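Hello,

Here is the structure I promised to pass on to you.

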Amino acid sequence: MTTQLWAIGVVLLAAMIGGFGPIFLKKATATLHRNLRSIIFNFNLWAGIAIYAVSTVMFFPALKAGDLSVLYPMVATGYAWVSIYSMKMLNEKMSMLKWIGIAAIIVGVTLIGFGSQLG
Amino acid sequence: MKRKDRKKRIKEIRIGNTALWAILLMFLTTVLTSTAQTLYKLGIADLHFNIISIITNWPIILGLCIYAIGAGIMIIALKGGEVSVLYPIIATSYLWVSIISMIFFKEPMNALKWSGIATIMIGVSLIGLGSRKKTKLGGVI
């Protein structure tokens, strides 16, 4: 099957949303202790888990309209988003290597996108 | 006692700043996530958006469970080492999923798609390398 372009769009959007997951989990670790209370009332922890759930659920309808070998690699754009969100929200440093990595992921996803339309 | 010593020694094998057990756990994660993706694709053909179809779709439910176990193992692995070593390992899952898609689901692969996979793997590895912590020596480990 030729992968529908909307399916690629949905997976890219899911990765963009899913990228917030690790950010909230990272924030959660600051207030997470080995007691039930700190787990149950940890907003960041539940936000992180909910974000993962949303991006996974978004992946399913897309998978129905496309090839796994096209859509799964698109999930890698999530790594690029995590780097950018970490810089903006956790004040982590960006490095030249990370930027090159982000560029490489964009090039890779584009190549797969074109490749998927060749059939 | 001897056995305990040997166990301890295996636990202490390191590659750079990364424990061998963390590397092996990361490989296990790639196997689990690739399996989960395969199960999703298997289950998705029978998935309709009503509740009965969702809760009785065993490949997807099994896939989600395997994915959750994989995520848990990955968190443990990340505690045992540097992302500069562990990210390149996790990036191999893109290769595994492509091979599985080609063999199991008869999906067409071509030069553009393979080069895209290779470029993405390099990209994820570079993000891992770029996240290395600076050492006291001022450089990177």
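This is a predicted model: local features need pLDDT of at least 70, side-chain atom pairs count only at pLDDT 80 or more; totals for chains, interfaces and linings use all residues.

Chain A first. Its secondary structure consists of seven helices and zero strands, so in order from the N terminus the elements read α-α-α-α-α-α-α. Along the principal axes, the C-alpha atoms of chain A fill a box of roughly 55 × 35 × 15 Å. The chain has 119 residues, of which 41% count as buried. If you take the contacts in chain A between residues at least 6 apart in sequence, 77% of them join residues at least 24 apart.

Next, the interface. Here 30 residues of chain B are in contact with 29 residues of chain A. On the side of chain B that touches chain A, α2 (20–44), α5 and α6 of chain B each supply at least two residues. The largest share comes from α6(B), with 14 residues. By type, the residues on that side of chain B divide into 17 nonpolar, ten polar and three charged.

In soluble globular proteins, nonpolar side chains tend to be buried together.

Now for helix α5(B). How does the distance between its end C-alpha atoms fit its 22 residues? At 1.5 Å a residue, α5(B) should span 32 Å, and the end C-alpha atoms are 31 Å apart, which agrees. Among the buried residues of α5(B) are B:Val85, B:Leu86, B:Ile89, B:Ile90, B:Ser93, B:Tyr94 and B:Val97. An α-helix has 3.6 residues a turn, so residues three or four places apart point the same way. The buried residues of α5(B) pack against α5 (68–74) of chain A, together with β1 (14–15), β2 (18–19), α2, α4 (58–79) and α6 of chain B.

Helix α2 of chain B holds B:Leu25. Is B:Leu25 buried or exposed? B:Leu25 is buried, because 21 other C-beta atoms lie within 10 Å, and 20 or more is the cut-off. Apart from neighbours within four places in sequence, B:Leu25 is in contact with B:Ile73, B:Ile76 and B:Ala77. The C-alpha atoms of B:Leu25 and B:Leu78 are separated by 9.2 Å, although these two residues are 53 residues apart along the chain.

Finally, two backbone angles to look at. Most residues other than glycine have a negative phi. A:Asn91 is not a glycine, yet has a positive phi of about 55 degrees. A:Asn91 lies in the loop between α6 (77–89) and α7 (96–117) of chain A, and counts as exposed because it has 7 C-beta neighbours inside 10 Å. In chain B, B:Lys106 has a positive phi near 50 degrees. B:Lys106 is in the loop between α5 (83–104) and α6 (111–130) of chain B, and is exposed, with 8 other C-beta atoms within 10 Å.

Best wishes

Methods:
Residues are numbered from 1 along each chain as its sequence is written. Chains are lettered from A and ligands numbered from 1 in the order in which they are written. Helices (H or I, at least four residues) and strands (E, at least two) are DSSP runs, numbered from the N terminus. A residue is buried if 20 or more other C-beta atoms lie within 10 Å of its own, exposed if 12 or fewer, and partly exposed in between; C-beta atoms are placed from the backbone. Two residues are in contact if their C-beta atoms, placed from the backbone, lie within 7 Å. Ala, Val, Leu, Ile, Met, Phe, Trp, Tyr, Cys and Pro count as nonpolar, Asp, Glu, Lys and Arg as charged, and the others, Gly among them, as polar. The expected span of a helix is 1.5 Å times one less than its number of residues.
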